[in-house]
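Open the model in your viewer and keep the selection tool ready. This tour goes stop by stop.

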Amino acid sequence: MDTKSAVELMESSAEVHFSGFHMDGFEQRKASIEQPTTSETDMYKQPFVIGVAGGAASGKTTVCDMIIQQLHDQRVVLVNQDSFYNNLTEEELTRVQDYNFDHPDAFDTEQLLRVMDKLKHGEAVDIPKYDFKSYKSDDMLRRVNPSDVIILEGILVFHDPRVRELMNMKIFVDTDADVRLARRIRRDTTEKGRDIGAVLDQYSKFVKPAFDDFILPTKKYADIIIPRGGDNHVAIDLIVQHIRTKLGQHDLCKIYPNLYVIQSTFQIRGMHTLIRDAKTTKHDFVFYSDRLIRLVVEHGLGHLPFTEKQVITPTGSVYTGVDFCKRLCGVSVIRSGESMENALRACCKGIKIGKILIHREGDNGQQVSSSASMVWYKSLFHLVILTSYALINDQLIYEKLPNDISDRHVLLLDPILGTGLSFFFVLKLQVCVA
Ligand SMILES: Nc1ncnc2c1ncn2[C@@H]1O[C@H](COP(=O)(O)OP(=O)(O)O)[C@@H](O)[C@H]1O
Ligand SMILES: Nc1ccn([C@@H]2O[C@H](COP(=O)(O)O)[C@@H](O)[C@H]2O)c(=O)n1
Ligand SMILES: [Mg+2]
């Protein structure tokens with residue numbers, strides 16, 4: 001992998017907060033207890049699941065096709081809830097006009113859940129093909145391979161809470177009832193060869209009541225409501241843009257399995273908003289930057305190894321806990337890295353902090369994402385593999401490092417990930433030291 005692709009990926013991942021980025025071949029979490037990691041990496045390794053609900057003939061399939069078309073360079077699969085229609089018994093087939101295809105019980109939701117579970121865990125699945133004319137699943141199955149994005153589409157995909165929980169994004173296609181009915185009449189008479197009278201009977205007997213009772217009430221679960229379905233190009237563009245941002249994070253974590261992305265919360269976004277606001281006072285800027293940096297430091301520390309430790313509590317009982325990793329030091333990249341020192345000192349009592357100053361050339365003033373970052377790695381001698389990152393012509397102007405740095409876990413402090421080139425240079429430097 002070359003530096004350029006990493007930088008490009010970072011560019012595509014604005015708003016991501018990187019921490020705990022330690023490189024391949026790195027010896028990690030060697031101590032007897034591993035910190036139970038709630039790694040966001042695990043989360044992002046799973047596919048991004050989008051649910052698309054809405055009334056029959058509202059344009060769900062059309063919207064999905066448009067999203068898939070715009071995401072042509074990504075691995076996307078479409079799963080239709082229609083594929084999970086229960087087969088009709090012989091008796092039901094004789095009185096098909098009395099069968100309610102719009103009721104939640106018409107679907108085999110347990111099978112849908114099994115299929116989604118497999119896909120989410122990276123397994124290929126065979127999905128039934130439903131035939132609207134024979135009211136039965138076809139003998140032919142459709143092979144669906146695991147993908148980065150799974151779109152699950154259907155009138156009632158928001159109905160069952162277990163299905164909803166699988167979704168990272170929920171879209172409701174909101175189209176006027178008269179438009180839906182007009183489209184349905186055209187579709188069912190031309191494509192399904194049905195009689196217009198039967199279409200209208202089915203609509204008033206089942207489709208409309210089920211829409212009011214089961215589909216419309218699920219609109220509240222939607223993250224995004226698209227009026228006018230496929231005609232709403234602006235909404236579809238925005239959705240695709242959002243998915244791309246999410247996939248940017250996803251890709252980074254795939255490339256660097258030990259990259260941890262701190263999940264954005266409203267607190268974090270609130271701090272970013274204040275920090276980025278030109279009107280923010282210097283005092284507030286410092287206050288909120290400190291708070292943000294502290295979060296990154298805490299998060300990074302959470303990935304260090306721990307050893308088991310037992311203590312006696314004031315009531316005399318034994319508490320089995322863990323001991324902090326003691327062999328730590330920080331290295332800040334002068335000058336920006338120094339802004340992270342206070343937070344590190346506040347979290348790690350008496351920690352030694354070294355400094356390095358780099359003269360940087362060759363970034364052409366490019367800006368990538370500006371996010372607080374902290375990188376930790378175990379010791380300088382583990383970084384030989386990083387030679388390939390060193391594409392830049394920078395110089396080490398000054399260094400003051402703890403003498404025993406090679407025995408310590410090193411927290412490299414560099415809060416502004418501008419182009420990321422300083423960071424890569426630091427890695428190059430370690431190759432020289434080793
Ligand atoms: N924006 C649109 N303008 C005109 N026809 C449309 C539009 N969106 C969908 N249709 C047509 O309406 C019918 C239903 O659309 P579809 O996307 O299959 O809806 P759903 O999947 O919600 O049932 C299809 O025949 C489709 O070609
Ligand atoms: N044999 C069937 C099965 C389903 N329907 C109708 O299809 C609609 C759902 O599909 P969409 O693509 O429109 O979401 C639903 O309203 C069912 O009534 C059918 O007519 N025959
Ligand atoms: Mg459809």
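Which polar backbone atom is 2.8 Å from an oxygen atom of ligand 1? Select alanine 57: the backbone atom belongs to this residue. Keep in mind throughout that you are looking at a predicted model.

**Stop 1: ligand 1**

A polar backbone atom of serine 58 sits 3.2 Å from an oxygen atom of ligand 1. Next, select arginine 183. An N or O atom in the side chain of arginine 183 is 3.4 Å from a nitrogen atom of ligand 1. On its own, ligand 1 exposes 550 Å², and the protein buries 70% of that.

Now show the whole shell. There are 13 residues around ligand 1, and Ala57, Lys60, Thr61, Thr62 and Asp231 come nearest. Colour the shell by residue type: two are nonpolar, five polar and six charged.

Which helices each supply at least two residues of this shell? Select 60–70 for helix H3 and 177–190 for helix H7. H3 gives the largest share, three residues.

**Stop 2: ligand 2**

Move to ligand 2 and select aspartate 102. An N or O atom in the side chain of aspartate 102 is 2.5 Å from an oxygen atom of ligand 2. Then select arginine 194, where a polar side-chain atom lies 2.6 Å from an oxygen atom of the ligand.

How much of the accessible area of ligand 2 does the protein cover? The figure is 98% of the 470 Å² that ligand 2 has on its own.

The shell holds 15 residues, and the closest are Lys60, Asp102, Arg184, Arg187 and Arg194. By type, eight are nonpolar, one is polar and six are charged.

**Stop 3: an aromatic pair**

In the pair of tyrosine 85 and tyrosine 130, the ring centres are 5.0 Å apart and the planes meet at 40°, so the pair is tilted. Tyrosine 85 is in the loop between strand S3 (76–80) and helix H4 (90–94), while tyrosine 130 is in strand S4 (residues 125–131), so the pair ties together parts 45 residues apart in sequence.

**Stop 4: confidence**

Finish by colouring by pLDDT. The chain averages 78, and 74% of the residues score at least 70. Select 362–393: pLDDT there is below 50, and the stretch has 115 contacts in the model beyond near neighbours in sequence. Then select 424–434, where pLDDT stays under 50 and the model has 32 contacts beyond four places in sequence. For the model as a whole, ipTM is 0.98 and pTM is 0.59.

Methods
Residues are numbered from 1 along each chain as its sequence is written. Chains are lettered from A and ligands numbered from 1 in the order in which they are written. This is a predicted model: local features need pLDDT of at least 70, side-chain atom pairs count only at pLDDT 80 or more; totals for chains, interfaces and linings use all residues. Side-chain values use heavy atoms; hydrogens and water are left out. A residue is near a molecule or strand if one of its heavy atoms lies within 4 Å of it. A polar contact is a pair of N or O atoms within 3.5 Å; within protein, one must be able to donate a hydrogen and the other to accept it, and residues adjacent in sequence count only if both atoms are side-chain atoms. Accessible areas come from the Shrake-Rupley method with a 1.4 Å probe; for residues, only the protein chains shown count as cover. Helices (H or I, at least four residues) and strands (E, at least two) are DSSP runs, numbered from the N terminus. Ala, Val, Leu, Ile, Met, Phe, Trp, Tyr, Cys and Pro count as nonpolar, Asp, Glu, Lys and Arg as charged, and the others, Gly among them, as polar. pLDDT is the predictor's confidence in each residue, from 0 to 100. Contact means heavy atoms within 4.5 Å. Rings of Phe, Tyr and Trp (its six-membered ring) pair if their centres lie within 6.5 Å; planes under 30 degrees apart count as stacked, over 60 as edge-to-face and the rest as tilted.
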